[in-house]
Amino acid sequence: MEAGSGNLANATVENPGKRGNDLVLTLDMELQQEVENIIKEEVESSQGTFINDPEAYVVMMEPQTGDILSIAGYGDHLGAVSRSFEAGSTVKAATVAVGLETEVIQPGSIIHDRPISLPQTPTMRSVRNMGSINELTALERSSNIYMAEIAMRMAGYDYGRECCWEDVEGTYQTFRNYFNQFGLGIETGIDLPSESTGIVGSGNMPGNLLYLSFGQFDTYTPLQLAQYISTIANDGYRMQPRLVKEIRQPSEDNDSLGPISSQLEPKVLNRVDIQPEYMDRVQEGLWRVMNGSQGTARSHFSSANYVAAGKTGTAQISVRSDRTGNVVQGNNQALVGYAPYENPEVAFAVIVPYVQRDTSGGRTGLANTIARKSLDAYFELKEERPHQLPEETNEETLEDPEDLEEFEELEELVETATEN
């Protein structure tokens, strides 16, 4: 039959719209707002600190479940997933664990911290010569040389005899295999698109192996750093980070959630192949970082109402200035950690990249300050609402239209990723 003769060939068929399912996110939106405000306040009060446009990222998560409680960045929240940086000494906890597990050091092993020089490699040193130290002090005071000695021993090199590199390539692979188990340099499994796995440093020279051991070679995302420290807090169990806790069917009204369509359980991705007594040793070293008499983060956490553990990091980098076109020497500031030290309930990673090395016109310890204030916000909110679960903090608590818009955009992004 032809069109116009009574058939429906040219008729428009319309299907009525149907409301989609509701996602119950793991985000604690009150904490998210607090963290965003902390980042904004600290970054914007630090004019003159950054080489180019300011950046700062915070990820907070529950170690036992992988639930993301806050994921925030200055101007770009998803940079915490899609951008990677050299994270400096934050990785030293993993290096100590690897050294113990491969038996190149033992608990309590003493190494003399002093400058070392290798052919075709700049002289390496810690921030100061520390003398004879064990692995706990190496974490507390952040010794580069202790980590470099672990790497040399793993590769079969005796620095005292200047002999002999037995297996450089294999040692690179061993380091990265263990680092992957912690979540560094590998997909975290987050339910978001565009996740970066970081950049593997090029040029597997012996000297670069030493830089890898103390965090100045490969790059990692803020989310990877959060998963890494969560794995340590969780006694070696690496949890899949998640933003979606439940998927619910649409309700008949907008004031309540509908029946559960799918409930997403926490997922263990792997257990790190490190003996429990060695993991305990690493955790003790991280406690010293924030509580020891010479801890590198002691000044920022000694007055806290909770006991935290963690690791500071400062990676020396070279960045081309957008303003002058010249290459400028700078630092990536980082801090990873968890609290309380006993029975951890929140882990965090903070990274503030591309800070000018000469900070006379800016701020030092910016990452530490952001971390301390973010942890304070977590525990203050917990005290204010002791019986409230994170999912009870949703869009109804948001008063600022811009915050609500950001929340809805994140929901849409997560929903798209979930559907795919």
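Helices (H or I, at least four residues) and strands (E, at least two) are here DSSP runs, numbered from the N terminus. On that basis the protein has 12 helices and 12 strands. This is a predicted model, in which local features need pLDDT of at least 70 and side-chain atom pairs count only at pLDDT 80 or more, while totals for chains, interfaces and linings use all residues. Residues are numbered from 1 along each chain as its sequence is written, and side-chain values use heavy atoms, with hydrogens and water left out.

**The protein as a whole**

- Of the 420 residues, 54% count as buried, where buried means under 20% relative accessible area, exposed over 50%, and partly exposed in between, with a 1.4 Å probe and protein chains only.
- Taking a contact to mean heavy atoms within 4.5 Å, and looking at contacts between residues at least 6 apart in sequence, 72% join residues at least 24 apart.

**Helix α5**

- Helix α5, which spans residues 144–154, is mostly covered, since 10 of its 11 residues are buried; among them are Tyr146, Glu149 and Met154.
- The cover over the buried residues of α5 includes the helices α3 (92–101), α4 (135–141), α6 (168–182) and α7 (206–213), together with the strands β4 (111–113) and β5 (131–133).
- Just after α5, Gly156 takes a positive phi of about 85°.

**The hairpin of β10 and β11**

- Strand β10 (residues 309–320) and strand β11 (residues 327–339) run antiparallel and are joined by 12 bridges, where two strands pair if DSSP finds at least two bridges between them.
- The two strands β10 and β11 form a hairpin with six residues between them, and in the turn Gly325 has a positive phi of about 80°.
- Within this pairing, Ala309 stands opposite Tyr338 in β11.

**Gln333 in strand β11**

- Gln333 lies in strand β11, and this residue counts as buried because its relative accessibility is 10%.
- The side chain of Gln333 reaches the backbone nitrogen of Ala367 at 3.1 Å, within the limit for a polar contact, which is a pair of N or O atoms within 3.5 Å; within protein, one must be able to donate a hydrogen and the other to accept it, and residues adjacent in sequence count only if both atoms are side-chain atoms.
- Gln333 and Gly365 are 32 residues apart in sequence, and their C-alpha atoms are 7.4 Å apart in space.
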